[in-house]
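User: Please take a close look at one part of this model: the place where two neighbouring parts of the chain meet. Keep it brisk.

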Amino acid sequence: IIEMNPRVSRSSALASKATGFPIAKIAAKLALGYTLDEIKNDITRETYASFEPAIDYCVVKVPRWTFEKFPGAVDSLTTSMKSVGETMAIGRTFKEALQKAVRSLEIGRFGLGSIADNGTGVHPSLHEIEEKLINPNSNRLYYIYEALKQGMCVERIYELSHIDRWFLFHIRQIHELEKRLRELVLKNGVNGLDADLLRKAKEYGFSDQQLAGFFKTKEQDIRDVRQANKIEPVYKLVDTCAAEFEAYTPYYYSTYEQENEMRVSNNKKVMILGGGPNRIGQGIEFDYCCVHASFALKEMGIESIMVNSNPETVSTDYDISDKLYFEPLTREDVLNIVDQEKPEGIIVQFGGQTPLNISSALAEAGVKILGTSPDSIDRAEDRERFQGLLKKIGVLQPKNGIAKNHDEAILVADKIGYPVVVRPSFVLGGRAMEIVYDQSGLEFYIREAAEVSPGKPILIDKFLEHAIEIDVDAISDGRDTIIGGIMEHIEEAGIHSGDSACVLPPISLSPKLLEEIKAHTRALARELNVVGLMNIQYAVKNRVLYVLEVNPRASRTIPFVSKATSVPLAKLATKVIMGMSLKELGFTKEVVPAYVSCKESVFPFARFPGVDTILGPEMKSTGEVMGIDSDFGLAFAKSQIAAGQSLPFSGAVFVSVKDEDKMPLLETIFNLYDIGFRIMATKGTSNYLLEHGISNIAVNKVREGRPHIVDMIKNGEVDMVINTTDNKKAVSESISIRRTALTFNIPYTTTLAGAKATVQAIKSMLKGTLEVKTIQEYHTS
């Protein structure tokens, strides 16, 4: 025994989804005094919870890692958890379930393959393979496959990895079938693919996309051959009892066998596509929307069909929707369900980028996309089409351009003027987004971005320094558009919206500016013919309003806005998508609460030794918290406490900021000084503060010798850190300050706006106590 936890664990959700046995629900009843033999099984309605689950299928869970989000992070798996999400797949065999799980990860793989299948086509050396097999890492599974491709035997792989031979044997079988299929390509091409071999490939979990890659053809061609040979998936029930009793809960997985257990109704039905595995940029916020969509359909008497592959979600509970399909969110897997269920349409706007990425392909295959059309979604995401849209309605955006190669990028950036924000198109979470200040920085970026979005252009925008960013969520029925909420970011432009703290209602925007934001939002919704939810990101610089981007879908802020305003936006949007008007639903004007709500992000930096905690345009947060109170200071304080920041009321504050922040930060430092905090500062900042009448203690930077600031943090002499930097040299020199503050749980802020808000929170907490109220009390106040 390694350890025992007398509580539900992270794996409890996985076990519940894998077996259909609701562990937490039964544990709650046991806590109330029931016994196992008194609690009936929801799925069979005959057996009791004392009847241990039995399964006649195989379940595979694969974690989702995002090491690429953290420059400097070592891709090494240890006893400290580093994954940010996971996916689960069910099949009749391990081989089938493993391949389904890999394609569910949404990492550009449509099944198991080698590390060379990552787009580069470069095969690693034997030395690299052996090293990766010895040392656990996020790509180890693909290095095993590469080792088999290069002729390494199972025994040698076992000696290096200590992974059980049983798993290696099945991975080898997958590889051997791939090898056989590739040999067939050389002889006859796709025409030589006989029905028996194709069926065997599907039983092994190979996707149509994988097979299309082997045969150098299109996915649809493989689908056509498969359907012509009547090779279709069947759907089996997850029933907790290995088919010993009848199952009443329609919870399905696909496989390639004979008997189909799917029960198709003649009811009006709608399919909801979930968000797949949690990752940075796309998390549980989207699952909230999917669940509320299911609730709304139920209220309307419409059968809801949920498709998702994430065991951590509420949407994959068997009693949330009328039917649940635990399947990968790919074109093939969704179309297979559509072929048999024949829903009225599919809702794609609640699952983040995952459903949107396949919406056009589904529409081309004849599937009806409910709500905002795929063309409108493309119009908002395609830079050239979006530029034309904004010009048509007279809305400003920062100077920008599109570059499809190195030379174009240099010309565009020179024309716009540095600094610029650069990013690949069609990504979520600011993946590979960066602010560059000169040509050499741009050239370095172009080499990196090509890996993120092959064949897609690089987007280049003028960076609006010191601008205020604003997020707006709105809902439209195609005629009327109502604002759901306007959120003011606390951090200035340059920090990803998913990482920035924000406040609702806004605290510094003028009534005139708010009216302009609302007018722009209505105009954009009308031009894009939005039916459902939309999110718009604005920036204000020198009192001029710019549109940064428009997303005609649910955003990650929908749960926050809904809880802050008491308006169930996702539920209303579902009813709008199904044809109801906002007037019919009684939502005809924006709800502006009389209290203040603050959202703060939560970061996993402690899990990644050596990674800098400084924020930028690429999202790094893995979650968020919310604080509500009567004023901004108290609401922000609650959000900081919830995020794990224990704000001090006295002691010493260390200050080291870039030159351009010294003047704007003076008032904040004066406030800390007046409260009674001692001020410590590095020499440049110290001299500036002395010149402006703030006495302080000068301390050494790390490179200036001991005792230095890091020693003082370790010795408990510092209670809060304010540290802003700009150039790479300063960032590199100060990383040890930020990492040490993180390690010793010292509150720190790396932005000017964050420092101001933190001091405001401390002042508010010193004036009065934090009150606890239920959210219902706030909603009715």
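Analyst: The centres of domain 1 and domain 2, taken over C-alpha atoms, are 25 Å apart. The domain assignment puts domain 1 at 63–229 and domain 2 at 237–372; such bounds come from an automatic or database assignment. The model is predicted: local features need pLDDT of at least 70, side-chain atom pairs count only at pLDDT 80 or more, and totals for chains, interfaces and linings use all residues. Residues are numbered from 1 along each chain as its sequence is written, and side-chain values use heavy atoms, with hydrogens and water left out.

Now the interface. Contact (heavy atoms within 4.5 Å) links 29 residues of domain 1 with 30 residues of domain 2. The buried area is about 2600 Å², and carbon and sulfur atoms give 48% of that. Buried area here is the accessible area (1.4 Å probe) that two parts lose on being put together, summed over both.

Between the two domains there are 7 salt bridges. A salt bridge needs a side-chain nitrogen of Lys or Arg within 4 Å of a carboxyl oxygen of Asp or Glu. Arg 331 pairs in this way with Glu 219, with 3.5 Å between the closest N and O atoms.

On the domain 1 side, strand 2 (85–91), helix 3 (94–104), helix 8 (195–203), helix 9 (208–214) and helix 10 (219–228) each supply at least two residues. Helices (H or I, at least four residues) and strands (E, at least two) are DSSP runs, numbered from the N terminus. Strand 2 gives the most, with 6 residues. By class, this side has 5 nonpolar, 9 polar and 15 charged residues. Ala, Val, Leu, Ile, Met, Phe, Trp, Tyr, Cys and Pro count as nonpolar, Asp, Glu, Lys and Arg as charged, and the others, Gly among them, as polar.

Of its 11 residues, 11 are buried, so helix 3 is largely enclosed by the rest of the structure. Buried means under 20% relative accessible area (1.4 Å probe, protein chains only). Among the buried residues are Phe 94, Leu 98, Lys 100 and Arg 103. Glu 106 follows helix 3 and has a positive phi, near 60°.

Methods
Buried < 20%, exposed > 50% of the residue type's maximum accessible area, 1.4 Å probe, protein only.
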